Amino acid sequence: EADPGMPMSFYARSGKRLLDLTLAVLALPWLLGVMAVVALLVRLRLGSPVLFRHQRPGFLGRPFILYKFRTMTESGSGLPELQADAERLTSFGRFLRSTSLDELPQLFNVLKGDMSLVGPRPLLMRYLPLYSREQARRHEVKPGITGWAQVNGRNAVSWEDKFTLDVWYADHLSLWLDLRIIFLTLWKVLTQDGVSQPGFVTAEEFTGEAQGSAGEAK
């Protein structure tokens, strides 16, 4: 776990949460219609449930339930995990991921306070014991819908580089950095840059080593 005793700036203590709530509340009236359409399409194309719920580590590694729109069909093929993910991800699911529409329900995670608009992406609970002490510092801030690693390569960068970027963000957290990341995110979504790592559904599985297999780590 990260050290909860680190000194925090005023922005980190209060301003960031205020920015999250302000932008989320302003965006929701515009995005609720989009989410309703996406939810209907997911229901028609992939069936129920519409939402993918998964436990992820939040601030200081504490677990919370993350919400996303489903992008995969139900498992049942009996294939190994690598093949199952590749087989289950439909063209519609790829579209949702490439446009980041699957991430929209995380606005409710932001409103609940589990996540921030900007921060390291919440990965998988099973990764927690695999982090080095330095890499674990990514949990010194709340996870985000987007982050410094996402605007500097997203899933196309290595785990080592991604964690270095996450820790750099935790050390340089500021209003101006968050606003910069938000604007850069809009550009990345429009250009669909770095959506997946070559050869993987999203990115290779983090094993604490150089090699891994594809997994739902987005």
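Me: Where does leucine 40 lie?
Reply: Leucine 40 lies in helix H1, residues 10-46; helices (H or I, at least four residues) and strands (E, at least two) are DSSP runs, numbered from the N terminus. This is a predicted model, in which local features need pLDDT of at least 70, side-chain atom pairs count only at pLDDT 80 or more, and totals for chains, interfaces and linings use all residues. Residues are numbered from 1 along each chain as its sequence is written, and side-chain values use heavy atoms, leaving out hydrogens and water.

Me: What makes lysine 112 and aspartate 114 a salt bridge?
Reply: A salt bridge needs a side-chain nitrogen of Lys or Arg within 4 Å of a carboxyl oxygen of Asp or Glu. For lysine 112 and aspartate 114 the N to O value is 3.6 Å, so the pair counts.

Me: Why is lysine 112 called exposed?
Reply: Buried means under 20% relative accessible area, exposed over 50%, and partly exposed in between (1.4 Å probe, protein chains only). Lysine 112 has 51%, so it is exposed. Aspartate 114, with 23%, is therefore partly exposed.

Me: Why are aspartate 166 and arginine 138 called buried?
Reply: Aspartate 166 has a relative accessible area of 3% and arginine 138 has 2%, so both count as buried.
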